[in-house]
Amino acid sequence: MSDNNEQQLLQQLEDKQALRELGTLFARAADRADRSLLASLFADGAQVSDGGFSGPASEFVGVCVAPAGLERSFHSVSNEFYQVEGDTARGELYVITVSTWNKDGAKTDTLIGGRYLDEYRKVGGAWKIARRTFVHEWNMSFPTTTVWDEGLFGMIKLRGTRGKDDPSYTLFGEKA
């Protein structure tokens, strides 16, 4: 293998790893309701089509971090596929989201499965989401069965939160 081919392969691996981290950071920012982190993941002029929202990513950020009634969410990203071509790329990421919603005191757990179909652009050496489209595959909703204070669950005191008081900010700080 020539040095040029090795360099191209290494660059493609670096780009794909950076895109994986971008997908993970999106999940983290959404689940922690981290407005500044979420906004930093999108390119200028980026567009989002996510079911109930279709428009500029700059507006999506506000909708994503402060939906009425959302108590907690957990995004899990998997089965990532990327095609990189220079400073642009396309990707398909499978996602499962588990959320607890509180509407007038009635709590509902919702599971949603789908895919993000993304277009990316490298900006200043960093990959950004230029367009994100959510494809809905399945969902389930049912009254919450969450148990916080009994048995093993009552002994586990460290819990995730939507906000900067989440334990991950102690570990990674504001810049994660």
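**Ground rules.** I am working with a predicted model, where local features need pLDDT of at least 70, side-chain atom pairs count only at pLDDT 80 or more, and totals for chains, interfaces and linings use all residues. Residues are numbered from 1 along each chain as its sequence is written, and side-chain values use heavy atoms, with hydrogens and water left out.

**Rings.** I looked up the aromatic pairs and found seven. Rings of Phe, Tyr and Trp (its six-membered ring) pair if their centres lie within 6.5 Å; planes under 30 degrees apart are stacked, over 60 edge-to-face, and the rest tilted. Phe26 and Phe60 have ring centres 6.4 Å apart and planes at 10°, so I noted them as stacked. This pair links distant parts of the chain, 34 residues apart: Phe26 is in helix α1 (residues 3–32) and Phe60 in helix α3 (residues 57–65). Helices (H or I, at least four residues) and strands (E, at least two) are DSSP runs, numbered from the N terminus. Both Phe26 and Phe60 are buried; that means under 20% relative accessible area, with exposed over 50% and partly exposed in between (1.4 Å probe, protein chains only). I then followed the ring pairs into a cluster of Phe26, Phe42, Phe53, Phe60, Tyr116 and Phe134.

**Arg132.** Which rings does Arg132 sit over? I found Arg132 over the face of Phe26, 4.3 Å from the ring centre, and its charged end over the ring of Tyr116, 3.8 Å from the centre. The rule is NZ of Lys or CZ of Arg within 6 Å of the ring centre and within 35 degrees of the ring normal.

**Core.** The largest nonpolar core has 27 residues, and Leu19, Phe26, Leu38, Phe42 and Tyr120 touch the most other members. Such a core is a set of buried Ala, Val, Leu, Ile, Met, Phe, Trp, Tyr and Cys residues joined through side-chain atoms within 4.5 Å. Elements giving two or more residues to this core include α1, α3 and β5 (106–123).

**Backbone.** Ala33 has a positive phi of about 55° though it is not a glycine. I located Ala33 in the loop between α1 and α2, partly exposed at 22% relative accessible area. Asn79, also not a glycine, has a positive phi near 45°. Asn79 is in strand β3 and exposed, at 52%.
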